[in-house]
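Take a look at the fold below.

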Amino acid sequence: MTPLGESIRNGLFLFFEQQGNRIGDRPVEIVVEDTEANPQTALRKYRQLVSSEQVDLLVGPVSSAVLYALVDEVNKDKIILIDANAAASDLSWDRKSDYVYRGSFSNWQNGSALAEYVAKNIGKKAFTIANDWPAGHEAIAGFRYAFEAAGGEIVGEAWAKLGTT
């Protein structure tokens with residue numbers, strides 16, 4: 001589990017400990033699974049949690065790629081998923097779900113938030129570098145849109161494969 005995943009898990013444990021492991025008058029049992037940021041692993045573990053553990057609510061994941069893999073299953077099964085971190089932009093637009101609730105920012109917001117400031121205060125030309133997976137592509141799309149709207153020009157880009165140092 002990544003440090004970010006561990007932090008989210010620890011925060012959830014702390015919250016429920018402070019609530020006496022209850023939501024209202026209902027007891028809460030927390031089951032933790034690590035998706036390993038792998039969509040196929042996430043789907044397998046999701047099916048296990050829904051069928052064997054009969055979960056009522058999901059919290060997570062960290063990875064946008066994992067969230068994209070889960071959203072159709074969550075919709076089909078009508079299971080509430082509180083998205084604690086995965087910032088998949090399309091879940092705010094084309095793939096919006098009545099069963100997924102974002103507790104964090106979107107990748108689009110993450111990328112676009114800085115772009116206007118950069119174009120106005122730092123420079124009008126930028127070279128973008130991001131991870132080669134949904135979060136990276138979506139953040140750069142948000143940056144590109146806002147940067148170009150502010151008069152900036154993207155002169156090149158590079159995409160690092162997951163795990164690249």
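What follows goes through a helix, its salt bridges and a surface patch.

This is a predicted model: local features need pLDDT of at least 70, side-chain atom pairs count only at pLDDT 80 or more, and totals for chains, interfaces and linings use all residues. Numbering runs from 1 along each chain as its sequence is written, and side-chain values use heavy atoms, without hydrogens and water.

Start with helix H5, residues 134-149. Helices (H or I, at least four residues) and strands (E, at least two) are DSSP runs, numbered from the N terminus. Among the buried residues of H5 are Ala 135, Ile 140, Phe 143 and Phe 147. Buried means under 20% relative accessible area, exposed over 50%, partly exposed in between (1.4 Å probe, protein chains only). Gly 151 follows H5, with a positive phi near 95°.

The whole structure holds 8 salt bridges. Each is a side-chain nitrogen of Lys or Arg within 4 Å of a carboxyl oxygen of Asp or Glu. Arg 144 pairs with Glu 148 at 3.2 Å, N to O. These two are 4 residues apart in H5, about one helical turn. Arg 144 also bridges to Glu 157, again with closest N and O atoms 3.2 Å apart. That pair links distant parts of the chain, since Glu 157 is in strand S7 and Arg 144 in helix H5, 13 residues apart. Together, Arg 144, Glu 148 and Glu 157 form a network.

Elsewhere, Lys 45 meets Glu 33 at 3.6 Å, N to O. Lys 45 is in helix H2 and Glu 33 in the loop between strand S2 and H2, so the pair ties together parts 12 residues apart in sequence. Lys 45 is buried, at 12% relative accessibility, whereas Glu 33 is partly exposed, at 30%.

Notes:
Expected span 1.5 Å × (residues − 1).
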